[in-house]
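Open the model in your viewer and show the side chains.

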Amino acid sequence: MSKFAKTNNKHISRWLLYIMLVAGTVAVIVFFLPRNSGPQFRYDIGKPWMYSSLIAKFDFPIYKTEDAIKTEQDSLAKAFEPYFNFDTETGKRQVAHFLKKYKDGIPGLTPDYVPLIADRLGRLYNEGIIDAPKYSDLSRDTLAVIRIVSGKSATSVEISGLYSTMTAYERLFSDPKIAAAKQILQRCNLNEYIQPNLIYDEDRSEAELGDMLSGIPLASGMVLSGQKIIDRGEIVNDYTYRVLSSFEKETQRRSASVSAVPSTIAGQALFVTTLVILFTTYIRLFRKDYLDKPRSIAMLYAMITVFPVLVSLMMTHNVLSVYILPFAMTPIFIRIFLDSRTAFNAHVTMVLICAAAVKYQYEFIIVQLVAGLVAIYSLRELSQRAEIFKTALLVTIGCSAMYFALQLMQDNSISTMDHGMYMYFVANGVLLLFAYPLMLIVEKMFGFTSNVTLIELSNTNKRLLRTLSEVAPGTFQHSVMVGNLAAEIANKIGAKAQLVRTGAMYHDIGKMKNPAYFTENQMGGANPLSAMPRIDAAQIVISHVTEGLKTAEKNGLPGVIKDFICTHHGTGKTKYFYVSYKNEHPDEPVDDTLFTYPGPDPFTREQAILMMADTVEAAARSLPEYTEESIAKLVNKLVDQQMDDGHFKNCPITFHDIAVAKQVMIERLKAVYHTRTSYPELNKQTAPHKEEQPAPAAAGNATTAPESVTPRAEDAPQAKNEEKTDSGKDKNTIELD
């Protein structure tokens with residue numbers, strides 16, 4: 001396939017990605033958006049109308065308020081006469097039972113008591129007896145009336161003229177003659193012969209009451225098309241409030257028709273599509289590198305989708321207030337894992353889409369834009385719990401202040417303002433605190449690494465770093481020094497200091513497998529690489545990169561840390577063994593790959609910083625003396641060599657960044673190795689005074705590598721350190737085998 005065809009296919013794939021991102025995001029959001037059409041206003045009784053004059057575009061009824069309808073319903077229910085069926089057989093049956101039981105008379109009483117009591121029971125049943133609980137409910141209203149159905153006729157009777165089983169028993173003993181024999185009659189259990197004969201007809205009563213309530217008119221008046229409803233600045237009173245509510249209700253009813261729904265969906269789809277396309281255009285123009293990172297793109301479009309869906313669900317089901325949702329989480333996460341400009345664009349896109357679902361767009365947009373800006377400005381890096389608490393507090397204050405300002409512009413009176421909204425802002429701030437634990441979920445889901453995770457990984461008490469310090473203490477100390485040096489460079493040029501520091505702590509973990517083969521761990525002993533063939537020695541040194549990747553994979557280190565492991569040497573060579581091999585085999589062709597690290601070369605500024613700091617810190621150990629000139633010469637030589645070899649051509653580091661990095665490394669190495677001022681040489685023709693004569697120069701029998709090759713400590717065999725005394729000071733000389 002030709003180069004042109006490959007480029008064309010890549011271009012087509014990129015456009016397909018754009019289309020799928022936009023189409024998928026729009027489809028999900030529009031699916032959940034509430035199907036509201038027509039104008040949506042905010043108005044309250046006693047406050048001025050903030051919009052232009054409102055004219056009715058169609059005839060609509062003025063609906064009664066729910067309270068008014070409920071009052072009418074209660075009034076009808078109170079006047080309603082429930083139906084009771086009169087059971088003639090109950091009274092006859094109970095009187096017959098009494099007469100049968102006491103046909104021989106009541107012991108202790110004269111025979112005339114039996115017909116007397118039977119007569120009184122008959123009268124009670126003729127008047128009507130109701131079940132005690134039902135009678136209690138009805139008798140609360142002394143004017144309550146019921147309808148007694150007997151046969152095909154129904155008669156209205158006041159409840160006061162009827163009895164319950166209890167009052168009927170009391171009424172029985174109201175006769176003086178019966179009351180005189182009460183003690184004897186109580187043994188007869190006369191209450192057993194008193195049973196309800198008026199039975200509540202629930203089905204008929206409920207049906208009748210339902211018909212009455214359904215007859216209540218829901219509207220009281222009409223507004224005709226063309227009639228002015230309210231003008232700008234007019235105070236909304238009770239009547240106007242009902243008219244406005246009726247107008248909105250009728251608008252929603254009309255929009256729910258079959259012909260209106262497709263129109264609403266089309267408008268929502270066009271609205272959301274426009275915003276998502278603008279956001280995608282921003283990414284394509286200014287953050288094209290994100291398109292090559294599927295997880296970054298997935299997080300961006302997920303963030304601008306989740307909150308519109310939540311808002312739509314809350315508005316559709318009328319659940320709480322949308323102001324409790326922590327919308328500022330979107331810019332917080334995008335700011336932490338990506339960049340602030342993208343965070344702002346994503347937040348604006350998300351807020352504008354949410355505005356299509358809420359009722360008061362103007363107020364919502366203003367408040368949430370302020371919340372997002374405060375979140376972006378106040379939280380640059382989420383590395384401590386206190387930072388998210390500070391951001392949540394500032395977002396709460398910012399939202400409250402902006403809402404208060406909007407109310408002042410509208411009401412001019414603090415006493416009439418709606419203070420309930422501030423509780424929602426407080427709830428929003430509390431929910432925003434959950435950004436800290438949710439950050440771990442976002443990391444795992446989209447493959448990011450936050451500063452919190454980096455700080456945890458750089459803790460020297462972590463098991464892997466503790467093992468490194470025990471197995472390869474020299475490598476561990478080297479990693480610490482490289483981390484400090486690289487972090488200072490990153491701070492100076494505006495790179496991610498914590499990232500490069502953590503990467504430095506793990507970049508040489510592959511040396512744990514064979515620590516004795518690396519000079520920093522040999523403690524002045526013999527170097528086993530000296531007796532090995534150059535190719536084998538080079539392969540052992542190179543293997544610490546591949547072994548490091550295996551160790552990182554086994555211990556679950558993030559991908560950004562693995563990138564430091566494989567790029568800290570890039571595609572460079574183990575120059576000591578490479579040059580030595582070429583010198584030993586001048587007439588043989590050399591397979592460069594046997595002496596070359598697997599790479600790749602650095603592709604971020606942080607990786608380039610680590611490569612420079614790692615090389616310089618390791619090579620600085622081999623200097624015969626530490627002066628400002630020798631350190632500066634070493635730093636410039638090594639970094640320039642890396643630039644000449646093309647190790648930085650794939651990363652966005654600038655010449656200015658490299659110049660700053662050189663200066664930082666020179667200053668730091670001078671401080672670490674306590675450089676001395678070079679003594680001036682004495683003119684041989686001038687005899688110095690005895691006490692002015694400088695101390696003799698140290699005997700230097702050190703031989704160094706050829707000028708063209710400055711070996712790293714890990715590339716060359718162990719140097720033989722000899723201590724010489726020079727005016728009471730130690731001086732290291734290096735002899736290369």
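**Aromatic rings, stop by stop**

Start by selecting Phe 98, a buried residue with a relative accessible area of 0%. The model is a predicted one.

Keep both residues on screen. The model holds 24 aromatic pairs, and Phe 98 with Tyr 193 is an edge-to-face one, with 5.5 Å from centre to centre and 75 degrees between the planes. Colour the chain by element to see what this pair links: Phe 98 belongs to helix α3 (residues 88–101), while Tyr 193 is in the loop between α8 (182–186) and β8 (198–200), 95 residues apart.

Next, select Phe 327 and Phe 364. Their ring centres are 5.4 Å apart and their planes stand at 85 degrees, so this pair is edge-to-face. Phe 327 is in the loop between α12 (294–317) and α13 (329–337), and Phe 364 is in helix α15 (residues 361–378), so the pair ties together parts 37 residues apart in sequence. Phe 327 is buried at 0% relative accessible area, and Phe 364 is buried at 1%.

Two stops remain, each with a lysine and a ring. Select Lys 177 and Tyr 113: the lysine lies over the face of the tyrosine, 5.1 Å from the ring centre. Then select Lys 249 and Tyr 63, where the charged end of Lys 249 sits over the ring, 4.9 Å from its centre.

Terms used: Residues are numbered from 1 along each chain as its sequence is written. This is a predicted model: local features need pLDDT of at least 70, side-chain atom pairs count only at pLDDT 80 or more; totals for chains, interfaces and linings use all residues. Side-chain values use heavy atoms; hydrogens and water are left out. Rings of Phe, Tyr and Trp (its six-membered ring) pair if their centres lie within 6.5 Å; planes under 30 degrees apart count as stacked, over 60 as edge-to-face and the rest as tilted. Helices (H or I, at least four residues) and strands (E, at least two) are DSSP runs, numbered from the N terminus. Buried means under 20% relative accessible area, exposed over 50%, partly exposed in between (1.4 Å probe, protein chains only). A charge sits over a ring if NZ of Lys or CZ of Arg is within 6 Å of the ring centre and within 35 degrees of the ring normal.
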